[in-house]
Amino acid sequence: MTVASDPTPGPLRWAVLLLRGEAVAVGLVAVWLLWADLTAPTVDLASALLVTAFAAGAAAALWALGGALARRRAGARAPAIVLQLMLLPIGWFMLQGGLGWLGVPLMALGLGVAALLVSTPTTRALGFE
């Protein structure tokens, strides 16, 4: 039996799991957008496909950042934090548009994952201390 000499700290492990979960959720949105692009009558198919490609790219970025953080690549932390902070204005506009049931949890998710990424155990595991 082999025991890791330096196990991944809990906050980093949770941040990776949440980033991967976000990637799956955004990927599902991208699949739904693609289906909508191809089946709905649209005036501007190019714009619709661009939005779909953006969602697919965001899903890929979240998945890749989660993988890089799981391998303790310190350079992945800042982009991951930026993507999490982008959930704040998205959630705020959802809140203003009457979708508070979705906006507030998105804002909490963004702040929570960002907090996990800057926590002391994660900072040490990534070699910043």
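Predicted model: local features only at pLDDT ≥ 70, side-chain atom pairs only at ≥ 80, totals over all residues.
**View 1. Leu65 and the residues around it.** Leu65 sits in helix 2, which covers residues 45-70. With a relative accessible area of 13%, Leu65 is buried, because the cut-off for that label is under 20%. Leaving aside residues up to four places away in sequence, Leu65 touches Ala76, Pro79, Ala80 and Leu83. If you are looking for Met94 as well, expect a C-alpha to C-alpha distance of 25 Å from Leu65; along the sequence, the two are 29 residues apart.

**View 2. The largest pocket and its lining.** Two or more lining residues come from each of helix 1 (10-39), helix 2, helix 3 (77-85), helix 4 (87-96) and helix 5 (100-118). Helix 1 contributes the most, with 6 residues. Sorted by class, the lining holds 17 nonpolar, 2 polar and 1 charged residues.

**View 3. Helix 3 beside helix 4.** Two packed helices are described by the angle between their axes and the distance between the axes. For helix 3 and helix 4, the axes come within 4 Å and cross at roughly 10°. The two helices are therefore roughly parallel to each other, as angles under 35 degrees are given that name. On the helix 3 side, look for Leu83, Gln84 and Leu85, which meet Leu87, Leu88 and Pro89 of helix 4. This contact has 5 nonpolar residues, 1 polar residue and no charged ones.

Notes. Residues numbered from 1 in each chain as written. Heavy atoms only, no water. Buried < 20%, exposed > 50% of the residue type's maximum accessible area, 1.4 Å probe, protein only. Contact = heavy atoms within 4.5 Å. Nonpolar A, V, L, I, M, F, W, Y, C, P; charged D, E, K, R; others polar. Axes fitted to C-alpha atoms, helices over the stretch in contact; angles between N-to-C directions. Parallel < 35°, antiparallel > 145°, perpendicular 65-115°, else oblique.
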